[in-house]
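Hello,

Here is the structure I said I would pass on. My notes on what was found in it come after.

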Amino acid sequence: MAEKSGNVFFTDSIMALLMTCPNRSVYGWDIVVTKRGDTLVFDKRANSQINFVTVNETGHEPKDQEDNSINHPKNLSKEATFINHNFSHQVVNNQKDLMEFKDPNPFLNNLEEGQRAATVGYKYRKWALSSNVVVVARCELNGYLPKTQTEEPHCSR
């Protein structure tokens, strides 16, 4: 934030949540907005429900009320999130065609011994909404098509 590239900062997941869920979500979500001068930073709290995949959001059946049941929405959500996070580790070939970004992964120093970094890259996108509102979002990139002879690599979320 030191170079003043924008004055409103998001991650792609928080931006998507705010754009799609206010009228439809049955789950609570906890977003922290920090204001420093003319800068707004939208962030989520640690262990927020935003970190987990939602389950039964549009289901009509009653939810299991026992906290220790495997069918309780929190337990199903944790299981679905665990599966999603580990799927990429199972299907990505780490030996060939890895895309290297200009800057290193900012979260590598938070890994514990024996942990492997997620196979994801980050790209910052910027939109000028008006002369005094510039939004910057950190977007996850989960895949890419390798460069051909005539075009650059294409990253995909």
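Subject of these notes: strands, helices and core

A hairpin joins β4 to β5 through two residues. These two strands run antiparallel and are joined by nine bridges. Within the pair, Ser-130 stands opposite Val-133 in β5. Please keep in mind throughout that the model is predicted.

Overall make-up

The protein has seven strands and two helices. Along the sequence they follow the pattern β-α-β-β-α-β-β-β-β. Of the 157 residues, 21% count as buried. The accessible surface is about 12300 Å², and carbon and sulfur atoms account for 51% of that area. Among contacts in the protein with a separation of 6 or more, 44% are between residues 24 or more positions apart.

The sheet

Five strands make up an open sheet, with mixed pairing and the order β2-β3-β1-β5-β4. Its edge strands are β2 (31-36) and β4 (121-130), each of which pairs on one side only. On average, neighbouring strands of the sheet are turned by 20 degrees against each other, direction ignored. As for how α1 sits, this helix packs on the sheet and touches β1, β2, β3, β4 and β5. The direction of α1 makes about 95 degrees with that of β1.

Strands of a sheet pair through backbone hydrogen bonds, and the sense can be parallel or antiparallel. Both senses occur here. β2 and β3 (residues 39-44) pair in the antiparallel sense over six bridges, and the bridge partner of Thr-34 in β3 is Val-41. β1 and β5, on the other hand, pair in the parallel sense over four bridges. Phe-10 stands opposite Ala-137 in β5.

The core

Which residues form the largest nonpolar core? There are 11 of them: Val-8, Phe-10, Ile-14, Met-15, Leu-17, Ile-31, Phe-42, Ile-50, Val-135, Ala-137 and Cys-139. The elements that give two or more residues to this core are β1 (8-11), α1 (12-20) and β5 (133-141).

Phe-10 is one of the residues of this core. Leaving aside neighbours within four places in sequence, Phe-10 is in contact with Met-15, Leu-18, Phe-42, Val-135, Val-136, Ala-137 and Arg-138.

Helix α2

Helix α2 (residues 73-91) has 19 residues. From its first C-alpha to its last, α2 reaches 27 Å, close to the 27 Å expected at 1.5 Å a residue. Buried residues in α2 include Pro-73, Ser-77 and Thr-81. An α-helix has 3.6 residues a turn, so residues three or four places apart point the same way.

Ser-77 lies in this helix. Is Ser-77 buried or exposed? Ser-77 counts as buried because its relative accessibility is 3%, and the cut-off for buried is under 20%. What does Ser-77 touch, not counting residues up to four places away in sequence? The residues are Gln-49, Phe-52, Val-53 and Val-55. Of these, Val-53 is 24 residues from Ser-77 along the chain, and the C-alpha atoms of the two are separated by 5.5 Å.

Regards

Note on methods
Residues numbered from 1 in each chain as written. Predicted model: local features only at pLDDT ≥ 70, side-chain atom pairs only at ≥ 80, totals over all residues. Heavy atoms only, no water. Core = buried A, V, L, I, M, F, W, Y, C linked by side-chain atoms within 4.5 Å. Buried < 20%, exposed > 50% of the residue type's maximum accessible area, 1.4 Å probe, protein only. Contact = heavy atoms within 4.5 Å. Pairing = 2+ DSSP bridges. Axes fitted to C-alpha atoms, helices over the stretch in contact; angles between N-to-C directions. Expected span 1.5 Å × (residues − 1). Areas by Shrake-Rupley, 256 points an atom, 1.4 Å probe, with all protein chains shown as cover.
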